[in-house]
Amino acid sequence: MKVKGFLKDVSGASRVTKRRLAAFSSASPVPVTADPIGDVAREWHPGKIDLVVTQKRPASKTSVTLRFERPDGKKLPPFYAGQYIVLDFPIGDSLISRPYSISSAPFEARLDDHPFVEITVRRSKGDGFICDHINDNVKPGDTFRGQMGLGQFYYEPLRDAKHVVALAGGVGITPFASMAKEVAHGTLDMDLTILFGSVSSDDIALKEELEQLKSDRLRIVHVLSGDEPDWPGERGFLSAELIRKYAEGDCTFFICGPQVMYRFLHGELDKMGIPARRIRFEVFGQAKDITQFAGYPEGMADKTFELTVVRGIHEDRIPARATESIVVALERAGIRIETGCRSGECGFCRSKLLSGNVFICPENDGRRAADKDFGYIHACAAYPLSDCRVRIPIE
Amino acid sequence: MKFYKDHYDVIVIGGGLSGLSSALMLADKGKDVLVLERHNLPGGLATSFVRGGVEIEATLHEMMSIGDPGKRLKIGQFLEDMGVNVDWLDVPEAYHLSVPGIEKTMHPGFERFAKEADEVCPGTYRKVLDLLNLCHTVYDSVNELSIHPMSKPAMLMKHEAFVKTAGYSAQEVIDTFGLPQKAVDLLAPYWIYVGAPLSILPFTIWAVLMADYVGYGSKVPKKLSHEMSLKMQERAEEMGVQVELKQPVEKILVKDGKAYGVRTKRGDEIHADYVISAAYPNKVYTSMIEPADAVPEKAIKMVNGRKIGLTAFTVFLLLDKSAEELGITDYNVFLGETMDTDKIFENYKGTGPYNYLTTICLNHANPTCTPEGTCIISITALPRIEGWQQVSADEIDRVKHETSKSMVDAMSRYYGVDLLAHALEVVIETPMTVAHYTGMWNGCIYGYLHSMDDHIVARLQTAEEEHFIDHLEFAGAHQISGNGMGPAVTNGRKAAKNVLDTMAKEAN
């Protein structure tokens with residue numbers, strides 16, 4: 001065979017080798033560390049960062065807004081309005097994490113002067129002791145570790161309609177507060193109608209802040225479910241009938257609120273014939289009472305099992321209540337596990353069940369197909385049904 | 001608390017396909033191996049993500065070198081030998097090419113492919129077949145020589161075609177066949193899977209690519225590439241390998257010119273006789289070796305003398321109708337404004353709009369990969385890093401949306417369907433996304449650019465002298481066989497082989 005001639009053909013290998021060596025010998029001996037693409041990735045997702053509380057103010061009768069800045073005053077990571085932040089709370093020997101929708105706007109995280117990020121947290125009745133801890137104990141000057149810019153609950157211009165109808169229940173207003181501020185600032189190009197369900201008129205989270213933002217691109221409609229004869233506005237729940245009144249034309253519905261509202265709205269939006277691609281639910285949240293879910297076995301509720309926790313070559317044995325997720329058992333025992341959404345979606349707490357049985361919260365099963373085959377679980381959505389052996393990442 | 005043993009035979013940095021292949025091969029030989037992966041999933045790029053309740057393939061287009069049961073090709077055989085049993089599905093076609101003047105679906109099998117080329121360019125059947133057969137001869141030689149090296153005269157006797165084409169680019173060899181440009185265009189699309197235009201791409205690489213993909217077709221794992229990655233991890237663990245996720249490595253510890261361990265970001269110092277790094281040599285030599293002065297100047301000159309390959313930009317669209325309902329008929333469409341690979345390569349310097357798109361509709365190989373009545377497409381360009389290096393954290397969102405919009409619009413026009421009007425989910429994967437999840441240097445997925453200045457034959461010839469730190473090997477797209485999931489496995493095996501050879505040598 002012949003390409004260009006025998007001698008040239010047979011000397012190809014040595015020719016290309018010479019070329020390679022020549023390229024190296026003429027190269028610079030100065031180390032180049034520039035990785036600007038990696039730098040942008042790290043600016044958006046630096047992992048956990050230090051945050052200091054610089055302000056605490058009431059957001060309603062039963063909720064507070066906390067403002068955080070970086071101790072060095074630098075800009076916070078960019079994020080999308082609607083995303084959440086995970087904060088670590090050292091409580092006793094444990095490190096407990098909680099996700100909170102960010103209630104400040106993305107542009108505020110990138111200000112030149114005192115960039116900040118805010119969360120708004122409602123005192124809750126019994127189940128969320130961290131919420132009470134924030135309301136009662138956290139004060140300016142306190143420092144935290146947090147990771148922000150998480151979650152998929154944000155406006156995607158290529159997918160969503162230009163008109164977004166937000167269906168908010170109670171403190172579920174927070175992601176929409178972020179969107180509203182960004183719309184008002186002119187850096188989020190959409191029309192936003194917020195249908196905001198609250199129980200009583202004297203306890204509406206972020207009411208004054210939101211009122212100031214109203215414009216022809218931003219409508220806020222308060223809907224009261226409580227019994228108040230003098231209330232001039234909309235009443236009842238966020239029903240199909242009420243939604244129809246405000247959702248003209250092609251809209252995308254964003255829904256954030258308590259779990260009971262999710263169930264109700266699935267039905268209402270279905271009734272209205274809204275196509276699936278126009279409906280975005282925020283994650284479900286940790287199950288309030290796992291025993292109430294379809295498929296949860298009888299007679300487990302008051303049991304406690306032994307959980308063997310494997311990290312590398314190290315093992316611990318800890319108790320695990322049937323009604324609490326494996327993440328909660330780990331946190332109670334002071335064993336670190338990173339969590340994000342605590343709704344089975346993000347997979348931060350992905351772990352492997354080596355033996356034993358667990359119940360997976362059906363609303364929160366965000367696992368990959370192959371993961372299911374090999375016993376992987378998202379520990380925040382897995383509840384022990386026997387003694388278990390679980391391998392978790394080393395933190 | 002002690003999470004690690006006092007000592008391992010080998011520490012592998014990176015639990016991607018390459019690192020896991022190293023680990024499998026070393027464990028198979030009874031070595032005590034620790035794999036440290038920065039992400040919370042194995043596989044590196046061979047992974048998936050869940051959006052809107054649907055698991056979506058993150059990167060894999062088509063896996064080469066698998067082969068059918070009973071007649072496995074190189075990668076398929078290795079995985080089987082290691083006890084990694086992946087549920088492979090056939091990709092039904094080679095590709096559909098849509099460029100000015102050509103609209104044609106091509107299928108694997110040399111004769112069928114040549115016949116289809118002949119339908120577009122009558123009278124080219126014989127020449128196309130001859131060219132493909134030449135590719136196969138070179139492919140066979142590469143496979144044999146990678147296992148049994150031989151002397152130059154012997155090589156010339158037994159592997160004449162390989163030797164005689166080694167000094168030429170794909171373009172130079174193709175030119176000798178005197179094919180009309182249209183026929184060359186029909187043969188060119190796969191260039192993107194190695195990421196160098198035909199004018200600088202070594203014929204050797206192009207030959208392997210064509211022989212493998214066109215000769216045997218390709219496959220995908222039923223449960224996406226995460227199935228392959230996870231099965232490799234699970235099997236490695238069964239064989240005694242310790243795999244730790246979420247453990248980025250910051251330093252490779254070196255003493256007296258020899259690697260002896262690593263330090264993780266968490267602060268664990270772990271010792272081993274050998275270290276295999278899937279992190280780019282650029283990153284290793286400029287910031288990971290401790291002490292830094294253990295890096296010879298030659299190593300820096302080497303990484304500076306090489307050109308970085310391509311990165312990736314993909315738009316994923318989960319659509320609310322089936323592929324049939326939407327008229328999406330092909331598995332793989334190459335849509336180009338041109339088939340001139342130099343022009344495309346030039347266009348890929350920027351951040352878009354891109355003039356050459358690769359679109360996969362996985363449902364055509366894997367019908368149940370999305371819920372009934374839906375389908376998934378991914379639209380990809382594989383740009384060079386230069387353009388994206390200029391984009392700041394505050395600009396990336398705008399730029400990625402502009403680029404995505406242009407790509408989706410182009411495919412909407414091609415299919416005659418407003419894709420966005422059917423989008424259940426839109427996910428945009430940028431070079432920054434790659435950097436974020438894999439930590440790869442500048443988001444690069446293709447290692448070093450294949451070129452006549454960085455030729456695979458030359459890489460093999462100079463491998464010995466590019467070994468700058470004892471007991472430190474590299475695995476990944478940046479190694480001899482280059483980019484792609486198949487070559488990643490080969491590179492991982494090679495790193496393991498180097499370790500085993502050195503162990504044997506030092507034991508004597």
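**How many bridges join strand S3 of chain B to strand S4 of chain B?**

Figure 1. Four bridges join strand S3 (residues 48–51) to strand S4 (residues 54–57) of chain B, and the two strands run antiparallel. Helices and strands here are DSSP runs (H or I, at least four residues, for helices; E, at least two, for strands), numbered from the N terminus. Two strands pair if DSSP finds at least two bridges between them. Look for Phe49(B), whose bridge partner in S4(B) is Ile56(B). Two residues lie between S3(B) and S4(B) in this hairpin, and Gly52(B) in the turn has a positive phi of about 55°.

A word on conventions before the next views: this is a predicted model, in which local features need pLDDT of at least 70 and side-chain atom pairs count only at pLDDT 80 or more, while totals for chains, interfaces and linings use all residues. Residues are numbered from 1 along each chain as its sequence is written, and chains are lettered from A and ligands numbered from 1 in the order in which they are written.

Figure 2. Strand S8 (residues 95–99) and strand S17 (residues 332–336) of chain B pair in the parallel sense over three bridges, and Leu97(B) has Phe334(B) as its bridge partner in S17(B).

Figure 3. Within helix H3 (residues 110–120) of chain B, the residues Phe113(B), Ala114(B) and Ala117(B) are buried. Because they cover an arc of only 95° around the axis, they sit on the same side of H3(B); the arc is that of the directions from the helix axis to the C-beta atoms. An α-helix has 3.6 residues a turn, so residues three or four places apart point the same way. The face turned away from the buried side of H3(B) carries the exposed residues Glu111(B) and Glu119(B). A residue is buried if 20 or more other C-beta atoms lie within 10 Å of its own, exposed if 12 or fewer, and partly exposed in between, with C-beta atoms placed from the backbone. The buried residues of H3(B) pack against S9, helix H4 (125–147), helix H8 (181–187) and helix H9 (203–216) of chain B.

**Figure 4. Where chain A meets chain B.** The contact takes 55 residues from chain A and 74 residues from chain B; two residues are in contact if their C-beta atoms, placed from the backbone, lie within 7 Å. Several helices of chain A each supply at least two residues of the side that touches chain B, among them helix H1 (6–10) and helix H11 (369–373). H2(A) gives the most to this side, with 10 residues. By class, the chain A side divides into 29 nonpolar, 12 polar and 14 charged residues. Ala, Val, Leu, Ile, Met, Phe, Trp, Tyr, Cys and Pro count as nonpolar, Asp, Glu, Lys and Arg as charged, and the others, Gly among them, as polar.

**Figure 5. Two domains of chain B side by side.** Chain B is assigned domain 1 (8–87 + 223–306 + 449–507), domain 2 (92–216) and domain 3 (310–441), with bounds from an automatic or database domain assignment. The C-alpha centres of domain 1 and domain 2 of chain B lie 29 Å apart. Here 15 residues of domain 1 of chain B are in contact with 15 residues of domain 2 of chain B. The domain 1 side has six nonpolar, eight polar and one charged residues.

**Figure 6. The five-stranded sheet of chain A.** This open sheet has mixed pairing and the order S14-S13-S19-S15-S17 (chain A). Strand S14 (314–321) and strand S17 (376–378) of chain A stand at the edges with a single partner strand each, so one side of each is left without a neighbour in the sheet. The twist averages 35° from one strand to the next. Strand S15 (residues 350–355) of chain A pairs with S17(A) in the antiparallel sense over three bridges, and Ser351(A) stands opposite Ile377(A) in S17(A).

How values were computed
Axes fitted to C-alpha atoms, helices over the stretch in contact; angles between N-to-C directions.
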